[in-house]
Amino acid sequence: MECNSPQQQPQRRNKRSRSGCNTCRARKVKCDERPDGCGNCERLQLECSGYGRSAIRHSDAHTRARRMYRSCSDCRLGRAKCSGERPACSRCREKNLQCQYGENAEPVWPRRLTSTVDPPERPSSAPPENEAQTPYLAWLTSSDLPEKARVAVLVDNYFAHVHPIRCFAFLHKPSFLRRVDEELASEGQTALLHVVCALGAQFYALEWGATSQKLSPKFILRAGSRWADTAYSMVLKDLDKISIDNLMASQLLYDHALRVGTFAQAFMLGGITARMAQALQINLEFSTDILCLEPGLSISAREARRRLMWSCFVTDALLGSGVDQLMLIEERDIKIQLPCNERRFLQEAPCVTRTLDGTVLGFLRPEITPVDPDENMGIMAYFIQHIRIRKQVLRYIKHLDKAMSPWLPNSEFAILDKACWDWYNSLPENLHFTAPAIYARKASSQLGALVLLHCAHHQTLCDLYRLGAPALFKLRSAIEFPPEQSEYLEKMRSDLYKAAKSLATIIAEAERHGPHNLSDTWLPTVTYDSSRIMLYYLTQLIDPREQNSKDLVVQTIPYLQSNIRALRAMESLNAVSGRLADLAETMSRLLGSEAEIASGRNIVPDDFYSLDLEDTGRQTPAGVPAQSAPDYVLNPLTIYRMARRTIPERHAPERIASSATGGSAQATDISPPMLTGADELMLFTSDLGWTWQPAETAMDSGLEHTGLHPWVGGAQLHSDRQEQRGSWGHQFPFLS
């Protein structure tokens, strides 16, 4: 026995692999490792490709024709068991689906098998030219809604990926599914159903492209767009017939318009939704019977109206960006409580929550008021609370000429900074950005909402800390920091950088769990601004001659790279992401260029569209005076400014001055990205001298003649500003 053992082992190793045959390894199943072909391949009539990379894979036409994959397209996409019957499987017959097999139904594992046995050259990223003509996907580009079974799939995609994010969770799923069945039976399809299907179609195509056939971002983005066009036409046709359904459809059309890049349409829809909400008076409770103890409107309908009003409030706040001229909904006019959590909404369980000012409704009797109303609130309610703080931060940034110096303990800056962190620290443990919360929210399709909640906080911090970088952002009246406040200014700039880096960490973690977790239309701007802030800090705000500055660049590169990857991942769900990814790549590439460093040029573009050629010849007409307009104080990526670019007859004050906004930070327990050795070598192959020059400053920033930075002999900033404690403070509820 002992003499035979050494002879058997080498022979066995030549024929077998501990990991199984290549086919089983590609399918990720256990293999019995039989030398003449494993049992799995024999049972499934697959060609057993042998053991190890040197094994020969038989891929001739006869072999492929002999084996048809067991699952049809619909069953595999729905992750359901397929009977494999031809011409239609039992599941497709039961659900009245169009059952399809064939070459397009090839699963992922044969591609893994190809890369294991016969590694190909780098595959082309170009999508098939005839993807729109693929028979199985042609219905996504049809002007008519598909059959009932496919509508159900689209609605499921909507509720899984769009419903949880931001404040779009105003549809009660059980009630809506019942309505869908009734509409399809009567063929009386509404605008709301069309836009829900349009949004669901994008995520259906996204999953199809990831599991079955590579699709271009453009095709995924435009999937279902004809249904959205139909919904838009229906809303405009019945614009005078104001209803809850039409308001819901308009809110979702606003989101769709942002995704596909029709910003003028989104801007106008934002106004329509605000006016509809005012006309319907959903800013008031339907009745004082909050617990629905008396007959009347259903529990789900009342909660849906509340959620719809808050959705309009959030839309108006984000569209207005702190400019009073652009906002139509005042928070003081909203007299309803915050939304309950999703579980209570789904189960139609009435409850009491807080109002926006932190109290409960004044007409509630003490006996029905819970001890802790926060227990009934979910992620949507906390997001709304933050949007209120964000409105105040942006309004403060737009009125710096009337603000107190930020280093004073009772300044508006100190109050807002404390408000941001008080809100953040009030989040319950299940809403922290930690691994347990991440996986819990992922299991309930709410990871995208959790990501947005934390990104909103960090983005708002960046907008607040932008005071330390007036040349990067559009500040009409920049704060001048006297020499004795240099440490305060340095800390503010450091906080700005840390905030942007934490944003990159959160976004990278979300991207790791799938691009659908980055589906909110705000996130591309947040990601891009995160890169801009980090690059500007590295090249303009710190002394680049110091060794620790070079070390910081090395540590930051992985965050810049992860932001670019995230922007590329969002390209299929947001029309602006591709362009932002290109700009972020250009900035990151210039950061490692010796020639650019030596030139002293600011590598951070001032305006997102600064490289566009279409407007290079546009000038303000002769005789038109310089005016105060929202263009002067808004980020070029805000909806208002993006919408104005599509208006041929616009007056163009933005040609007088231009700039952009930021992102933000906080530590999490998620591991940061790592820099590879090759990346580090690319950055510092020689002593580059680090002769950076200051960036150009924004018009009216007060910094046009301040000279170079201190480390190249520039003049220090001085302030003779009088403390202004005028009437500005009363505009903020927290200052009253």
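The UniProt annotation "domain: Zn(2)-C6 fungal-type", from an unreviewed entry, covers residues 20-49 and 71-101; such annotations may be inferred rather than shown by experiment. The model is predicted, so local features need pLDDT of at least 70 and side-chain atom pairs count only at pLDDT 80 or more, while totals for chains, interfaces and linings use all residues. Residues are numbered from 1 along each chain as its sequence is written, and side-chain values use heavy atoms, with hydrogens and water left out. Over residues 20-49 the chain is 40% helix and 0% strand, with the end C-alpha atoms 10 Å apart (helices, H or I, have at least four residues and strands, E, at least two, as DSSP runs numbered from the N terminus).

Turning to helix packing, helix H20 (residues 447-465) and helix H22 (residues 523-541) pack at about 45°, their axes 11 Å apart (axes are lines fitted to C-alpha atoms over the stretch in contact, and angles run from 0 to 180 degrees between N-to-C directions). H20 is therefore oblique to H22 (under 35 degrees is roughly parallel, over 145 roughly antiparallel, 65 to 115 roughly perpendicular and the rest oblique). Val451, Leu452, Cys455, Gln459 and Cys462 of H20 make the contact with Leu523, Val526, Asp529 and Ile533 of H22 (heavy atoms within 4.5 Å).

H22 also packs with helix H24 (residues 577-591), at an angle of about 15° and with axes 10 Å apart. This angle makes H22 roughly parallel to H24. On the H22 side, the residues include Pro524, Tyr528 and Leu535, which belong to a set meeting H24 residues, among them Leu580, Leu583 and Met587.
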